[in-house]
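The sequence and the structure come before the discussion.

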Amino acid sequence: MKNWLKILKFTLKQALRGPKFITSTAIIGIVILLAAGVSNIFISGAFDNDSKTSDLENVYIVNETDLTIDTDSFVQDHQKDYPLLHISNISGVSAQEAAQNPDVISTYSESTVILELSEDKDGFNLNAYLPSTSTVSSSEAEDFAYDFSDSVKSAKIKSIGVSEDKLSMATGDLNVTYAKAEETSEETSEGTDYPVLSYIAHMLVMMALYFLVIFYGQSIGQIVSMEKTSKLMEYILTLTGPSGIIFGKVTAIFCEAVIQIVIWIACGLGGVIISNSIIESLIGQKSTDIIALFMEMLPKEGLSHSFGVLMILAVIALLAAFLFYCFVSALFASFASTAEELSQTNSMSVLAMLAGFIASMYIPLYTDNSPIGMLIVRIIPFTSAFSLPGDIICARISLIEFIIYISLLIFFTVMLAILTGKVYKNRLFKKGTRKIFAEIGSAITGKTRSTEEVSDPLEKELSDTQKALPIERYENHDRAKKTYTIVGFALLALILGANVLGGLIGNVLANIVSAKANMNLQDLYSDTTFLVVNNIIAMYLVACPLCALVMKLSNDSVLVKKGSISKNQYFRAICIIFPVAYSLSYFSAFLASLLSGGESENTVINALITGDNVLSMIMVAVLAPIFEELVFRKLIIDRTRRYGEAIAILYSSLAFGIFHCNLYQLFYAFAIGILLGYVYVRTGNVILTIIMHMIMNSSSAILYPLAPAVYEYFEYAMIILGIASIIYTFIKRDVKIEHTQNEVASKELSAIAFLNSGTIIFTLVCTMILIYTLLAPALLG
């Protein structure tokens with residue numbers, strides 16, 4: 001890798017001088033400065049009346065009881081809120097008389113409150129009086145009396161001879177925990193200390209890495225892919241080899257990112273410093289800022305006792321993780337030479353990052369934070385990139401362990417850089433993204449595939465005959481593979497967006513609602529309205545738009561074909577839905593009970609379709625049909641039908657069934673998806689399939705809970721009509737699948753559609769969720 005430093009300097013100089021760097025650094029820096037400042041002000045409570053210092057100077061207490069109140073301790077404990085406060089006891093006069101005649105008080109000032117502590121048969125009374133000349137407001141006097149009541153309570157406890165700690169212990173809640181007999185104290189505590197901080201740490205690392213890769217991944221892709229055939233590339237190759245080009249260019253973008261991050265961190269610190277001065281002017285004192293609040297959350301043991309050391313190590317881990325994913329982006333970008341291919345490879349690098357994040361979250365969860373599970377997470381580079389910064393912040397690893405794991409991550413990064421150089425060398429003057437993973441495997445092993453090892457029928461035909469296939473057939477095959485791969489990754493984005501991003505948003509929403517409504521989180525998660533709102537946000541506001549964005553990468557394959565079916569055919573299709581759905585739903589319930597030992601329950605779905613919640617009815621009967629038909633019929637079939645209508649229908653229906661991620665809906669959703677897909681292929685009108693979907697969902701979500709007797713007759717009628725429609729359709733045989741101009745042979749297209757990387761990963765993720773929902777009641781019970 002000779003002269004790679006020259007490549008680095010040249011690329012970095014070009015990047016730093018560009019308008020994109022200056023503009024983005026300035027705009028984002030200003031946004032961070034303002035966000036940090038405003039957040040710090042709100043966290044400090046400067047705008048809350050309770051947080052502002054009071055000008056109250058003198059408080060006089062008329063104590064008509066036998067209680068001895070420690071006023072000195074009160075003044076000391078509340079110095080922050082009442083910096084001018086002085087408390088005195090007066091006797092020989094009532095509080096009301098003192099308020100009416102201030103002359104009886106020798107040290108009277110205009111900022112005065114008079115408290116009267118009395119006792120009757122109902123208990124103790126604390127009354128606040130304001131002299132007519134006092135500048136203290138009634139609300140401020142009431143707030144002070146409320147604060148002072150704690151000292152009165154302490155005096156009451158002391159008067160009966162019981163310490164406050166013992167009384168608190170006696171009246172406090174009883175906490176019940178359990179541990180397995182074979183677990184040691186160290187094992188039972190691991191993973192339970194600071195769970196919130198641990199969760200937040202991983203979330204913050206995920207968001208930071210995600211935005212870094214999104215922000216800089218495009219730049220890495222452009223500098224890696226766009227100069228392949230330029231005159232500049234010929235000159236660069238005279239200085240160094242392909243590995244040196246990759247290492248120099250990627251490291252240059254990494255250095256650009258570090259420079260910007262340092263500037264943005266400085267802007268954030270500047271915002272905190274500026275806001276602290278504003279806070280002091282508002283409330284008259286220095287308040288707790290964001291940094292201090294974060295330090296309070298840190299565990300006291302491990303490396304976290306030193307905030308400076310903690311930040312340095314966390315930043316090192318984060319930068320090492322970012323550098324690793326920079327080379328991941330470069331590896332995929334090595335296959336691209338056009339803007340369309342670059343968008344596809346960028347999405348693959350982002351999805352690889354999401355897979356690493358999910359594994360880093362769920363492997364410890366399913367292994368109960370066992371040493372083996374944590375070791376796996378910290379060794380694999382795709383997961384250690386997320387776990388190491390969080391482990392440092394949460395003090396879950398020692399300094400020696402950190403050095404070992406970070407060294408492994410750096411080692412894998414270097415190996416990845418070398419691998420990327422090899423792939424880049426092979427792809428330097430080639431175009432297209434076919435066989436990405438096969439070529440990466442060849443670069444790792446150093447072997448080339450023989451004719452016998454070629455699994456692609458189209459590629460094997462080329463090898464056997466040594467003749468080129470017709471260009472049109474080759475292009476159709478290649479485009480079909482790209483399209484189905486993109487659709488698979490779009491579905492993966494849909495399921496991850498709903499469960500990961502939607503889950504994070506739901507968790508934040510749950511904490512906000514529970515805090516505002518003073519409601520237990522467990523009760524909130526069992527509330528139907530919250531479940532519906534959470535599902536609407538996760539699925540329809542986050543996951544579906546994300547899926548549509550990824551689908552856009554295959555716009556060259558969109559084919560919208562308008563047609564028509566007879567009213568008789570459409571009516572039969574609606575009727576057929578019901579007997580198919582009922583029979584397969586019963587079969588699914590029997591199979592789920594059999595596999596789970598009778599423990600599995602479809603609790604969430606039952607809560608949504610059998611209750612009388614209006615919002616859930618709207619979601620199930622209206623929103624779900626609209627969005628699901630737009631995704632699984634229009635978006636998918638429009639992009640895949642040109643390569644074969646039958647496979648397009650089968651693919652969309654199978655994806656529709658798997659997407660539901662539970663055994664109760666898998667089979668009947670697949671069967672209904674075939675009906676809906678056929679109607680859409682024949683008509684090209686998604687409104688017709690939406691209506692069919694709404695009719696089916698409305699019967700169970702609206703008719704069943706509101707009029708169960710009517711629903712029973714409706715069910716029998718539709719089953720009879722549906723069976724008759726199936727028999728009539730079988731006799732008439734008016735179902736037809738048309739051939740398309742760009743159709744690929746069914747055998748080849750089946751392998752392309754169902755064995756591409758996007759579809760396989762989507763299926764695996766949905767299967768894992770399905771297994772968890774099926775077996776979780778038995779495992780947790």
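A residue counts as buried when its relative accessible area is under 20%, as exposed when that area is over 50%, and as partly exposed in between. By that criterion, Arg682 and Glu645 are both buried. The coordinates belong to a predicted model.

**Salt bridges**

The side chains of Arg682 and Glu645 form a salt bridge, with their closest N and O atoms 3.4 Å apart. This pair links distant parts of the chain, since Arg682 belongs to helix H26 (residues 663-683) and Glu645 to helix H25 (residues 645-659), 37 residues apart. Salt bridges with shared partners connect Arg641, Glu645, Arg682 and Glu738 in one network.

The model has 7 salt bridges in total. Three of them, including the pair just described, are tabulated here.

| Pair | N to O distance | Burial |
|---|---|---|
| Asp478 and Lys482 | 3.7 Å | both buried |
| Arg572 and Asp734 | 2.7 Å | both buried |
| Arg682 and Glu645 | 3.4 Å | both buried |

Asp478 and Lys482 are both part of helix H19 (residues 471-517), where they sit 4 residues apart, about one turn of the helix. Arg572 and Asp734 meet in a salt bridge of 2.7 Å, N to O. This pair links distant parts of the chain: Arg572 is in helix H22 (residues 567-596), while Asp734 is in the loop between helix H28 (708-732) and helix H29 (746-754), 162 residues apart.

In soluble globular proteins, nonpolar side chains tend to be buried together. The largest nonpolar core in this model has 111 residues, and the members that touch the most others are Tyr325, Leu491, Leu494, Ile495, Phe632 and Phe762. Helix H12 (residues 307-333) is the top contributor to this core, giving 15 residues.

What is Leu491 in contact with, leaving aside its neighbours within four places in sequence? The partners of Leu491 are Cys547, Phe632, Ile636, Tyr651, Ala655 and Phe762. Two of these partners, Phe632 and Phe762, are also listed among the core members that touch the most others.

**Surface patch**

Some nonpolar side chains lie on the surface. Ile410, Phe411, Val414, Met415 and Ile418 make up a nonpolar patch there, and their accessible area together is about 420 Å². Ile418 belongs to helix H16 (residues 399-426). Is Ile418 buried, partly exposed or exposed? Ile418 counts as partly exposed because its relative accessibility is 36%, which falls between the 20% and 50% limits.

Conventions:
Residues numbered from 1 in each chain as written. Predicted model: local features only at pLDDT ≥ 70, side-chain atom pairs only at ≥ 80, totals over all residues. Heavy atoms only, no water. Core = buried A, V, L, I, M, F, W, Y, C linked by side-chain atoms within 4.5 Å. Buried < 20%, exposed > 50% of the residue type's maximum accessible area, 1.4 Å probe, protein only. Helix = DSSP H or I, 4+ residues; strand = E, 2+ residues; numbered from the N terminus. Contact = heavy atoms within 4.5 Å. Patch = residues over 30% accessible without salt bridge, like charges linked within 9 Å, V, L, I, M, F, W, Y side chains within 5 Å. Areas by Shrake-Rupley, 256 points an atom, 1.4 Å probe, with all protein chains shown as cover. Salt bridge = Lys/Arg side-chain N within 4 Å of Asp/Glu carboxyl O.
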